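Trainee: I'm new to this one, could you walk me through it slowly? I'll jump around a bit with my questions.

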Amino acid sequence: MSTWRFTLIRPDSGSNIEPLMVLRALLVIALLGPTSASAQTRSADAPAALVERLEAAVAAGKPEAILALGVTPTVPGLQLFASFATPAPTRVIIKERDRADLEPSGERLLLEVFSEYGGESTITTWRADLAAGPDAATNPRIAEMEQLTIVSGLYKLAVSPSKQFTVRNLTLRGTDLTLEVPSGTAFVAETSEGPTAVVLLGRGRMTFAPSDPAERTQIRIFAGETELASDFDAAFIRVRPSEFGDLFPSASLSPRAVSSGDLRRASEIFEDYIGQTFNIDLRDLSRERWSLIPSSGDLVAEVRTRRLGSLTYARSIKDAEDISLFDRKRRRNIAVYASRQKLSSRGRFYGEDELVEYDALDHDVDVAFSPDRSWVEGESTLKVRVRSVALSSMTLRLAESLTVRSVTTAEFGRLLYLRVIGQNSMIVNFPTALRRNTEIALRISYGGRLQAQQIDREGIALDQQSNTQQEDLYIPVEPQFVYSNRNYWYPQNTVTDYATSRLRISVPADLDVVASGTEVGPPVTAPGAVAPGQRPRKQFVFQADRPLRYLSCVISRFTRIATRDVTIAAAGTGAPPPPVQLSVQANPRQASRGRSMIERSASILEFYGSLIGEAPYPSFTLALTENDLPGGHSPAYFAILNQPLPLSPVLWRNDPVAFEGYGPYFLAHEVAHQWWGQGVGWKNYHEQWLSEGFAQYFAALYAARDRGDDVFRGMLRQMRRWAIDQSDQGPVYLGYRLGHIKGEGRVFRALVYNKGAMILHMLRRLVGDEKFFEGLRQFYGTWKFRKAGTDDFRRAMEKASGLDLTTFFEGWIYGSAIPELAFTSTIGQGEAQVRFEHRRTVSPTPLTVSILYTDGSSEDVLVVVSDQVLERTLPLKGPVRSIEANRDYGSLAEIVK
Ligand SMILES: [Zn+2]
């Protein structure tokens, strides 16, 4: 048996533009999926009649009548089930959720039982195996029962109409939160163990002061000050009953006579919020509203502030980041971080993989897409290795709109599974607990409606500035359908998880597919007869022998442009790595551009290969598609590159990543993701700069090699300007949350892409080219096909350089302040004095001092300002016209005279 774990929806680490992070406190809880189609269509057959008799026996409080339904009175599990009947519940509902044939005969039912005793209820799920036998068809008997899951402690909560309290000098404290109510009134909703919900009315003051400096930047963006303070006139608190007394000392609450006006107002507030927290949607089991009790240490405060609207504070002890503040109306996370207590127990860094139940090892997916109908049908075999000590149920991610038809394994045959409402997940139950390191292959059959995803992952700013004057001339783009990391089109782990794969994808014969893996032969006519009125179909096969983070495909009309092998130079003296098989495919109108891309793509692959000494994947396909905006998406083994058509109706040039001076930028950036983001992954949302900043810097390095220093300098200048302008929006380490509060994607690109790249450039100058690239190769080699963090990268660079880089990363990645350097120079006889002084924060800052001579020549000197003041004497070769700092834009510091 397993207890339901209410897994919370986390920020989707695979995406960054629209992270639909639903706060834990908001969770309207996971519940069993809708009745399966097979169970629905069976009406009053024999097993259904047995379920009715079971329900009637429980309702009547007759355990003996339950035992009589077994093949013998000692059937395993039936005694436990019979305990529902003593005492007789106020109400019981039993629903058949699934049914499967048992081998060699008999039937297996999945039952869901709702039992209510007074204002408290429990939901359990059961496996019930019905015996085969001569009269099984008309009179089945239970051969075995097993309780699979339990959700207990559900309460029907309401404001107690007979209790009101006078509030005096109440100070309610949560981690970094204070609610002060000098005088007011309170109502409670109670369980048998005490109050769990409190409505506070009266003028109060809320303060929220995160200790984490990065979070303070976000509070400032939201509230104008680094500590949030606002008056409020009502609050709704959820607390564990046993902790009520600590939060609400009896001295601050004294009973009084109930005022009907106050009660009405408190009830209104209660109604507004009770459904939003710790609530459970019982679907067809009960129309009433059932609430769970917060876990020990958990606290939710819904505060109706005057100035900032309704805010939700939550402390959720089990989460890696246990404190959060949420703007309910705008659906934005304002703060999400680990409390001091949490940091002392888990350390400063965490990986999203730390709590996963299993490792995905291999996906074998056979899938048919009908993009015109947004329809998908799939058969997937997912091989996993158990990581938990014992695993009796397993959570998989799969789009909620897809219906699961069956889950089977070779060992256990057909398995019971549950869909979870409101989350893209399903829970598979095993008949016995699987031990750690067990490998098992699940075969999952599924299908249903599924929209293709937007490829806005690398999108440029969508400012909604349609250029309406040109609308008449607008040419519609070639349709493309992307199924990738955001629409959960195949069963997968709950976090991105490196695994190998084989994909068989069938599409209508006029469409083509580019997908994760190396294409195995040309497409063939899809197996199976073509139904009348259906178009013939083609099947494509892709094999990925190296692990990838997630599977992707793009479906469109493609012309195969060219294929060639790209040689990768060995790093050092080692044997040369195998070549990369490069292909280009393009939408028909992009064919000629596609031909020009083959050499370009090859030169980019060669260049990156030479920097790292190998390529992570043996093949790479560039899919050239049309879109209103430039940009792309780069899963392992391929990239989608959007070509905006002439007269595109969308203006996009005012964007941190619109490098007008360098056309191949997007291609260079997307190709770099094969190494950074795919080859080496990132271990949670904080670390996304290891993907985007690295891809951005590699694109700039390629631009330098391709077009020389002036183009490189132009890119640095643009990246630097955006990075400095936006740095007050928070540190690089905030990942997707940069720009999130204001819904401004350019902030994210300015900091995670551009500032990330500039930081790499400064790091390179700090440690020197040789050590920098050596460190990069070591980092890549150590973390290939794994998820890394900034601390891992720092260690790799420290190992290569022999330097302590703590302050560098503290200042530039975890901190947000841009150093300001006061610069002076004095030219003397044959030498010059230069002086730099940090005026604001002191972060190790490398920068170039350029000596410009009167004869037109120049000389560059690298200095690193690590301390408050740096003074240097520079020898001069002749008469000097001027001495300038940061003329190459290589440093993020602001220089003032
Ligand atoms: Zn990118």
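Trainee: Is Gln729 buried or exposed?
Mentor: Gln729 counts as buried, because its relative accessibility is 10%, where buried means under 20% relative accessible area, exposed over 50% and partly exposed in between, with a 1.4 Å probe and protein chains only. Please keep in mind that this is a predicted model, in which local features need pLDDT of at least 70 and side-chain atom pairs count only at pLDDT 80 or more, while totals for chains, interfaces and linings use all residues. Residues are numbered from 1 along each chain as its sequence is written, and side-chain values use heavy atoms, with hydrogens and water left out.

Trainee: Where does Gln729 sit in the chain?
Mentor: Gln729 belongs to the loop between helix 12 (709–726) and helix 13 (745–767); helices (H or I, at least four residues) and strands (E, at least two) are DSSP runs, numbered from the N terminus.

Trainee: And which residues does Gln729 touch?
Mentor: Leaving out residues up to four places away in sequence, Gln729 touches Thr217, Gln218, Arg220, Ile221, Leu738, Lys742, Val747 and Leu751, with contact meaning heavy atoms within 4.5 Å.

Trainee: What polar contact does the side chain of Gln729 make?
Mentor: The side chain of Gln729 makes a polar contact with the side chain of Asp728, at 3.3 Å. A polar contact is a pair of N or O atoms within 3.5 Å; within protein, one must be able to donate a hydrogen and the other to accept it, and residues adjacent in sequence count only if both atoms are side-chain atoms.

Trainee: Let's zoom out. How many helices and strands are there in the chain?
Mentor: The chain holds 16 helices and 46 strands, and of its 897 residues, 59% count as buried. Among contacts between residues at least 6 apart in sequence, 72% join residues at least 24 apart.

Trainee: What radius of gyration does the chain have?
Mentor: The chain has 31 Å, which agrees with a compact globule of 897 residues, whose radius of gyration would be near 29 Å; the radius is taken over C-alpha atoms, and the globule rule is 2.2 Å times the number of residues to the power 0.38. Along the principal axes, the C-alpha atoms fill a box of roughly 105 × 75 × 60 Å.

Trainee: Where is Asp888 found?
Mentor: Asp888 is in the loop between strand 45 (880–885) and strand 46 (894–896). Its contacts, apart from neighbours within four places in sequence, are Arg713, Leu716, Arg765 and Thr848. Asp888 and Pro89 are 799 residues apart in sequence, and their C-alpha atoms are 78 Å apart in space.

Trainee: Okay, Phe412 next. Which residues does Phe412 touch?
Mentor: Not counting residues up to four places away in sequence, Phe412 touches Phe430, Pro431, Thr432, Leu434 and Ile440. Phe412 lies in the loop between strand 21 (402–409) and strand 22 (413–414), and it counts as partly exposed because its relative accessibility is 26%.

Trainee: Why does Lys329 count as exposed?
Mentor: Lys329 counts as exposed because its relative accessibility is 77%. Lys329 lies in the loop between strand 16 (323–327) and strand 17 (332–337), and its C-alpha atom is separated by 7.2 Å from that of Ser310, 19 residues apart along the chain.

Trainee: Now the backbone. Which residues does a cis peptide bond join?
Mentor: A cis peptide bond joins Thr86 and Pro87, with omega about -10 degrees, and Pro87 lies in the loop between helix 4 (78–82) and strand 3 (91–101).

Trainee: What is phi of Asn169?
Mentor: Phi of Asn169 is near 50 degrees, a positive value in a residue other than glycine. Asn169 is placed in strand 7 (residues 164–174) and is exposed, with a relative accessible area of 61%.
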